[in-house]
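Here are a few friendly notes on the charged side chains, for you to read with the model open.

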Amino acid sequence: MNWILLDLAVHKRQSFGGDCCVAPADADQTFSGKIPSLMKGVYKNASPMLAARFSRYGRWAHATHGHWLSVADMETLWQDDIQDAFLDQIKFQAECLKTDWDNNAFGLFREDRLSLFAGSDMGNEAIFLLWLDGYDEPELWVYDANGESRYANLEAYLAAYLADDVSAANVSWRL
């Protein structure tokens with residue numbers, strides 16, 4: 001059932017035409033139910049929604065808020081010398097967010113608490129998964145040229161995307 005929202009999001013994105021027509025790659029058949037964090041060698045147990053996403057699809061170019069990464073892509077980000085120029089640029093852009101965007105998730109939380117779910121090779125679009133104790137699903141911290149938004153989980157993010165609801169960008173969580 002979790003895959004229905006994913007398929008609807010893919011269909012909506014593809015309906016825009018152009019670069020957005022890119023279909024997600026097939027799922028990595030070696031997906032073991034573990035999601036790489038930004039800390040080398042540290043994995044998080046996939047939540048039900050993320051298990052559905054990674055069991056159904058691999059990398060999705062030109063998705064929402066950048067390129068959705070595959071598990072293998074996320075592991076490649078651990079390397080100091082990335083041979084894939086596309087992934088090297090995504091890592092570079094994410095690291096720029098860490099230092100150039102005040103209160104960015106990458107700068108606020110330890111790397112073992114974060115995963116880079118989506119990133120851009122040309123700008124500041126990104127989605128970080130924030131793994132909090134006591135919650136089945138990680139939060140999504142989403143960045144684009146218009147600012148930042150937070151979602152309780154992937155299901156909430158996809159529901160907002162499908163409804164064209166951008167109100168999360170107007171909710172300030174800062175004190």
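1. Arg110 and Asp112 pair through their side chains in a salt bridge, 3.0 Å from N to O. The term means a side-chain nitrogen of Lys or Arg within 4 Å of a carboxyl oxygen of Asp or Glu. Arg110 is exposed at 52% relative accessible area, while Asp112 is buried at 17%. Here buried is under 20% relative accessible area, exposed over 50%, and partly exposed in between, with a 1.4 Å probe and protein chains only.

2. A word on the source: this is a predicted model, where local features need pLDDT of at least 70 and side-chain atom pairs count only at pLDDT 80 or more, though totals for chains, interfaces and linings use all residues. Residues are numbered from 1 along each chain as its sequence is written, and side-chain values use heavy atoms, leaving out hydrogens and water.

3. Glu139 and Arg150 form another salt bridge, with the closest N and O atoms 3.0 Å apart. Glu139 belongs to strand 7 (residues 139–144) and Arg150 to strand 8 (residues 147–151), so the pair ties together parts eleven residues apart in sequence. Strands are DSSP runs of E, at least two residues, and helices runs of H or I, at least four, numbered from the N terminus. Glu139 is buried at 17%; Arg150 is partly exposed at 29%.

4. Do look at Asp164 and Lys12, whose closest N and O atoms are 2.5 Å apart in a salt bridge. This pair links distant parts of the chain, 152 residues apart: Asp164 is in the segment after helix 6 (154–162), and Lys12 is in helix 1 (residues 3–14). Asp164 is exposed at 59%, whereas Lys12 is buried at 15%.

5. Finally, salt bridges join Arg59, Asp73 and Asp84 in a network. Searching the whole structure gives eight salt bridges.
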